[in-house]
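Subject: Structure handover

Hello,

Here is the structure I promised to pass on. My notes follow below it.

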Amino acid sequence: MNTELRMTVPVARVLAALVADPTGDHYGMALMQSSELPSGTLYPILARLTEAGWLEKRWEEIDPSVAGRPARAYYRLTPAALPIARQRLAELHEQTRTAPAHTVAKEATA
Amino acid sequence: MIKRICSTFLTAAARRWPEDLRDEMLAEWRAELHATPGNARRLRYAASLAASRPHREPAVVVRPGRNFAHAVLSLVLIAGLPMLYLQLALGWTTFRSDDTITWQAWVGAGSIVAAVVLGIICAGVTTGVTQLIRPAFVPLWTFGLMFAVFTAWPLLEGFSLNRSHVGDGFRWALSAGVLCALAGRVRRAPLSWGIVATAALVSYWSAVTRFDPYGMEVFFGGEFLPAYLFVLVTAVSIHVAVFLLVYANLLIRRHRATQAQVVTPPVAA
């Protein structure tokens with residue numbers, strides 16, 4: 001698993017949504033709502049996290065002709081990624097909590 | 001109709017993903033779209049994917065050739081499209097009559113929508129500009145270039161320099177550029193786009209320096225407000241400003257969305 005993750009604000013939002021329910025299966029629309037990110041921002045992040053080994057993606061096991069709809073894809077944090085995600089979010093929270101607002105803003109755009 | 005538009009958006013978005021992921025992502029998006037209630041939400045979902053930056057590996061970001069090509073394309077678009085539009089607009093803005101006033105108003109409103117769409121498209125195909133030009137300088141690049149072309153155009157056509165027109169153009173470009181820079185610094189999207197909308201009007205007023213419906217009241221039963229709204233909607237300088245403002249603000253915001261990051265130290269798994 002690649003632990004050198006670029007912790008952008010949108011990535012942090014996605015991770016926070018996943019960490020909030022680590023054992024749950026999350027699909028794109030639900031993650032869009034919980035992370036408040038548009039689809040165009042969310043899916044590249046999900047793809048990067050999946051490629052980095054932070055997420056596992058599985059397809060819903062249904063017969064589309066019986067269900068009358070296509071199968072959806074679900075995402076879940078891998079067991080190895082969960083503690084690291086929690087740590088990164090905690091670090092980020094600490095940075096934004098302790099640093100003066102202008103410093104954080106400056107770092108975030110550096 | 002909406003279904004077809006969404007399908008087109010998703011297909012366009014999928015084309016910009018790596019080939020091995022393309023079919024999988026398309027299937028996933030179609031399933032999500034199927035589960036999404038409401039046409040507006042479906043359209044927003046598909047449009048956002050279509051307008052997003054192409055998915056790529058974080059390490060593969062330095063492509064000087066592509067960035068230079070984008071900057072050249074940006075120059076051509078910024079300088080060329082508005083000047084082409086100004087020439088075309090002469091055909092429908094130089095006369096007014098009772099028979100034409102309604103469709104002229106519709107063409108004016110349509111031109112504003114077209115300017116927004118064109119701004120979005122042009123920003124989408126020149127994202128590399130902000131790799132060569134700092135986002136803070138994008139307003140200067142956009143409006144400075146437009147002002148230079150606007151000023152030089154009469155000279156190229158063999159006319160002498162009209163100081164009054166240069167002054168109008170300078171105030172237009174300066175006000176739009178300053179407000180565009182301000183909009184680019186604002187992180188909240190609604191506020192940022194609100195400033196952009198304001199900038200389109202302020203730049204117009206900066207150029208004309210008066211509230212005047214130019215006699216259009218005769219077409220609107222002597223009423224000032226509809227006449228003035230007609231003048232605003234059909235003002236080509238507003239159309240051009242909308243195009244450039246949307247273009248510049250999108251470039252700045254996209255750059256910040258992808259570059260804004262907090263680097264955290266690696267932690268062993």
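Does W17(B) count as buried or exposed, and at what relative accessibility? W17(B) has 4% relative accessibility, so it counts as buried. Buried means under 20% relative accessible area, exposed means over 50%, and partly exposed lies in between (1.4 Å probe, protein chains only).

Some ground rules. This is a predicted model, where local features need pLDDT of at least 70, side-chain atom pairs count only at pLDDT 80 or more, and totals for chains, interfaces and linings use all residues. Residues are numbered from 1 along each chain as its sequence is written, chains are lettered from A and ligands numbered from 1 in the order in which they are written, and side-chain values use heavy atoms, with hydrogens and water left out.

Aromatic pairs

The search of the whole structure gives nine aromatic pairs over all chains. Rings of Phe, Tyr and Trp (its six-membered ring) pair if their centres lie within 6.5 Å; planes under 30 degrees apart are stacked, over 60 edge-to-face, and the rest tilted. W17(B) and W29(B) have ring centres 5.5 Å apart and planes at 80°, so this pair is edge-to-face. W17(B) sits in the loop between α1 (2-15) and α2 (19-35) of chain B, while W29(B) is in helix α2 of chain B, 12 residues apart. W29(B) is buried too, at 0% relative accessibility. Ring pairs also draw Y43(A) and Y45(B) into a cluster with W17(B) and W29(B).

F143(B) and W172(B) form another edge-to-face pair, 5.7 Å centre to centre with 65° between the planes. F143(B) is in helix α7 of chain B and W172(B) in helix α8 of chain B, so the pair ties together parts 29 residues apart in sequence. Both are buried.

Nonpolar cores

In soluble globular proteins, nonpolar side chains tend to be buried together. A nonpolar core here is a set of buried Ala, Val, Leu, Ile, Met, Phe, Trp, Tyr and Cys residues joined through side-chain atoms within 4.5 Å. The largest has 50 residues, and those touching the most other members are F143(B), W172(B), Y204(B), L244(B), L245(B) and Y247(B). Helix α11(B) gives the largest share, 13 residues. L245(B) touches F143(B), A176(B), C180(B), V196(B), A199(B) and A200(B), leaving aside residues up to four places away in sequence. Contact means heavy atoms within 4.5 Å. A second, separate core has 43 residues, including V14(A), L15(A), L10(B) and L26(B).

Chain A

Chain A has six helices and four strands. Their order along the sequence is β-α-β-α-α-β-α-β-α-α. Helices (H or I, at least four residues) and strands (E, at least two) are DSSP runs, numbered from the N terminus. Of its 110 residues, 45% count as buried.

Strand β4 (residues 73-77) of chain A is mostly covered, with four of its five residues buried. Two strands pair if DSSP finds at least two bridges between them. Strand β3 (residues 55-59) of chain A runs antiparallel to β4(A), joined by five bridges. There, E56(A) has R76(A) as its bridge partner. Strand β2 (residues 26-27) of chain A is also antiparallel to β4(A), through two bridges. H26(A) stands opposite Y75(A).

One last item: the charged end of R72(A) sits over the ring of Y27(A), 3.6 Å from its centre. That label needs NZ of Lys or CZ of Arg within 6 Å of the ring centre and within 35 degrees of the ring normal.

Best wishes
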